[in-house]
Every structure is written in C-alpha cells, then in structure tokens.
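This report looks at one chain, its partner and one residue within it. Please read it with the sequence and the coordinates at hand.

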Amino acid sequence: MIDYGAWAGVLLWGGVVGVDLVTGPQALLSRPLVAGTVTGLLLGEPGLGLQLGVLLELFALDTLAVGAAWYPDLGTATVVAVTAAGRWGGDAGAVGLAATGALVLGQVGGWSMQRLRQANARSIRCHQGRLLRGDPAVLGRLQGLGLARDLIRSLLLVAGGLVVVATAPTPPAPLLDDGVLRVVVLGGGVLAAARGLWRTAGRAPRWWWFATGLAAGLAGLGILS
Amino acid sequence: MKLLAVLPRLLVLQASWNHDLMQGVGVGFASLPLLRPLAGTDRERYHRAVARAGGFFNANPNLAGVAVAALARAECADAPESQIQRLRVALAGPLGAIGDQLFWAGLVPAAMAVGLLGVGLGWGGPAVLGAVLVYNAIRVACVVWGLRVGWRHGLGIGTALAASGLGRWSARVGAGAALLGGAALPFSARGVLGPGAGLWPLALVVGMVGLALVVRGAWWRLSPAVLTVMVVLAVTLWRWETV
C-alpha cells in the first residue's frame, strides 16, 4: 500500500536534493547520508534511511565533484533507494538490491547533469548579444532558467524512480531476505571509500593520517564489539 | 550591507553552470549589487563592468566570493579595465585549487566521516544533522570572509590571499579528513550491519582494504560501483536459479 502523502513529500525532497548537488545551496543536502536520513524520516523508516544513506555515502566518498568532471547523482538515487527498500519490506536483501539500483540510477542522474549543462550553454548562446552588451537583467534570467531546469531534472529523475518502484514487481522473498547482497554492496562501498580517501589523502604524510585513522577505527570497533 | 545582498546570490552561483562560461553568469549575477553604484556615475563603464563580470570564470563556489568582491571593488575604484581582466584570469586557478582542497577534499569528506562515525556509534540522525550544521556554519563564515577580504583589498587581493594562510589550512583540513575518514570506515560497516554483527564489520573492512592493497594497480582503474553492480547481479542470478 503506497502512502501517497509521504511519497509526495519524498518527491519534493528529492527535487531539493538534486538541485543542491550543483545549483545550490550545496549545503550537503545532496550527500547520500543526509538525503537518505531525511527520506527515511519522511517515510517513517529512519533506520532504513540511515542504512542506505551510509551504504551510498561510502560510494560518494569516491567522487570528487570538481569543475567539469562527470560524477553520479547519488543523492536523488538514495531518495529512490530508501523508498524502494521500504516498499520491499526493509530486510537485508531489499537494502542490498535498492542500493544496487541506486548505483545505476546515480549514473542516469550524472548523464542528466551533462544534458542540463548543455541546455544552459544553449541558453547562453541565445542571449550572447545581451551578455556582451552588459545587460544585467539577462544574468538573472539565465540563473533563473538554470535553477528551473535543475529542479525539473531532479523531480523527473525522482518521479521516474518512484514510478518504477511503484509498478515493478516485488523481488522474490528469498532475495529480499538475502543478507549476502547487502554485504556485497557494503564491501564495494568500503572499497570505494578507501579508494576515494586514499586518493585525496595523497602521498605521505597525509597517507599516514588515513592509515592512523583506519587503525584507530578498527581498534575502537574491536573494543566496542 | 551590500556584501550581505551578495551572499544569497553566491549560494546559487552555479545555477547556470555550463561548459562554455562555467560559473561566469553566476559570478556576474552575484556582482550586480556591488556594481550598481557605477550605473549612477558612469553608465557605459557599468555595462562594460557587467559584461566583464559575466564572462568565463571557474573557481570553488565557496571561495568565488573573493573574486566577486575584489573585481567589483576594482571596477568601482575605476581601475584600468585590462588590469581587472588580468586579475580575473589570475584568481580563478588559486581559488579553484585551494578551494577544492579545502572543501571537496577536506571539509566535505570530514563532515561526512563525522556523520558516518556517529551513525556507527548509534547516534543516528542527530550526528548527521550536527555534521551538516557545523559544515554549513564554517562554509558560510568562509563565504562572508571571502566577500569582506575581496572588497577590502580589490586589486591587491593576491597579496591578501597569500597572507591569509588558506593554503596551510587546506592541508590541515585535508589531513583531518583523511584521519576521520579512515576511522569512519569500520564504524560505517557497523552502522549498516548493526551492533549485533560482532566483529564481522571489522573483518569486512580489513578484508576489503587488504584486497585493495594487494590488487592496487588494476583496482585503481576499476570503478567499485561498477564492480559492485556486476557482483550483485551475478549473486542475484545465481540465487534466482535456486529460488
């Protein structure tokens, strides 16, 4: 049974998440950990939101969103993933499958960002005369158009994902219970995060900070366990 | 007060980001409140200043305010236009490099690592909220500082930036991010598998990092996300056949 009110809230939140990635305000709302946490709260499944937020945040740590680089839109993908996992019962297998789907949807989101940038460039070329003449009004117009496009892009991406989740058949129960899928995704996430942190840590001495932190984390976890 | 009027425009600086002008239109839009006084004194200069402000530019969005304010100050001070254009070109590289180190490779992963640690320790949503609030407080403070220092120094912004210690801070924050990120990995695994998973999260992290060290060369080029999807598909197909 779909809670249309909650899903409408999720759709709007997904729009905000998508816009936050590049357009603004870039307040970390588009980070999977944040996007997942809020989605979970909206759906009344905070634990699920945190789980998927953590899983996909590990992959996001492998991404460096600089300049003209291409990167996946994992924030909106996380919003859809939490909804999917909740619809499928929220067990370990559902989390694993939903996270995997998010990795694929994230690539679609990245592709849509490139189309958005091309549309922005076309608008700028259309208004080139006014830009060169120093018309201040055209700057606000182009910013507004860009913001509107990104919002539409994000809403369409999330809406498309929600439609698939609502209409696709539920995976078989043995798959939804299967903890192996979640562990596989977690393993991939740890690899991704390690690679990303390693790369930004660079060579010594910063590499040693990463190794020290990892050792401390392992020791801390060992003590807690 | 004029600088405060620029702040919300800087938060949506990249609304029209594109491969032609990159942040140019956003920088121009953010500059308008600072350039407006020119419209009353020298209308032709004003339009040339607006045209210049909306030209090609790209830097880290959290430090772009330095350029917005410095260039606008130079315009209002009637500095030679060729000098203003040279300053614009000269600022993009350093503000991009330092800003990306400080934010994308420093503060953002550090904030998210704190969130991951908090979730792994069972603090849940409040840990995530705390990390987001602290990051945004630092970030907004940085943007406001950038506007102030840019407006104060104008054409002399290069010297001010060199004396600011931003480069040193970006190195320190980067080290902190590496430390926190490393510590967060095992706790992230715990956050997903739950506190009842015992030592399994530890074993998984040790195994994955060990695997990474062994196959370092080839693994560095493969996308973990693509690998994960392939393995999950393979496991799903295998399990499907046994269902």
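## The interface between the chains

How much area is buried between chain B and chain A, and what percentage of it do carbon and sulfur atoms give? In this predicted model, the area buried between chain B and chain A is about 7500 Å², and carbon and sulfur atoms give 77% of that area. Chain B brings 88 residues to the contact, while chain A brings 84 residues.

For polar interactions across the interface of chain B and chain A, the rule finds 2 salt bridges, and 13 residue pairs are in polar contact, both residues being at pLDDT 80 or more. On the side of chain B that touches chain A, the elements that give two or more residues are H2, helix H3 (43–53), helix H5 (81–120), helix H6 (124–153), helix H8 (166–193), helix H9 (200–214), helix H10 (216–221) and helix H11 (224–242) of chain B. H8(B) gives the most to this side, with 18 residues, and by class the side of chain B that touches chain A has 59 nonpolar, 23 polar and 6 charged residues. As for individual pairs across the two chains, the side chains of Asp178(A) and Arg239(B) form a salt bridge, with an N to O distance of 2.5 Å.

## Overall form of chain B

The C-alpha trace of chain B spans about 80 × 35 × 30 Å along its principal axes, and the radius of gyration of chain B is 23 Å, whereas a compact globule of 243 residues would have a value near 18 Å.

Of the 243 residues in chain B, 56% are buried. Among the contacts in chain B that link residues at least 6 apart in sequence, 76% join residues at least 24 apart.

## The setting of Met22(B)

Met22(B) lies in the loop between helix H1 (2–11) and helix H2 (24–41) of chain B. Why does Met22(B) count as buried? Met22(B) counts as buried because its relative accessibility is 15%, and the cut-off for buried is under 20%.

Leaving aside residues up to four places away in sequence, Met22(B) touches Ser16(B), Trp17(B), Phe56(B), Phe57(B) and Asn58(B), together with Ala68(A). The C-alpha atom of Met22(B) is separated by 40 Å from that of Val214(B), a residue 192 residues apart from Met22(B) along the chain.

Note on methods. Residues are numbered from 1 along each chain as its sequence is written. Chains are lettered from A and ligands numbered from 1 in the order in which they are written. This is a predicted model: local features need pLDDT of at least 70, side-chain atom pairs count only at pLDDT 80 or more; totals for chains, interfaces and linings use all residues. Side-chain values use heavy atoms; hydrogens and water are left out. Helices (H or I, at least four residues) and strands (E, at least two) are DSSP runs, numbered from the N terminus. Buried means under 20% relative accessible area, exposed over 50%, partly exposed in between (1.4 Å probe, protein chains only). Contact means heavy atoms within 4.5 Å. Buried area is the accessible area (1.4 Å probe) that two parts lose on being put together, summed over both. A salt bridge is a side-chain nitrogen of Lys or Arg within 4 Å of a carboxyl oxygen of Asp or Glu. A polar contact is a pair of N or O atoms within 3.5 Å; within protein, one must be able to donate a hydrogen and the other to accept it, and residues adjacent in sequence count only if both atoms are side-chain atoms. Ala, Val, Leu, Ile, Met, Phe, Trp, Tyr, Cys and Pro count as nonpolar, Asp, Glu, Lys and Arg as charged, and the others, Gly among them, as polar. The radius of gyration is taken over C-alpha atoms; the globule rule is 2.2 Å times the number of residues to the power 0.38.
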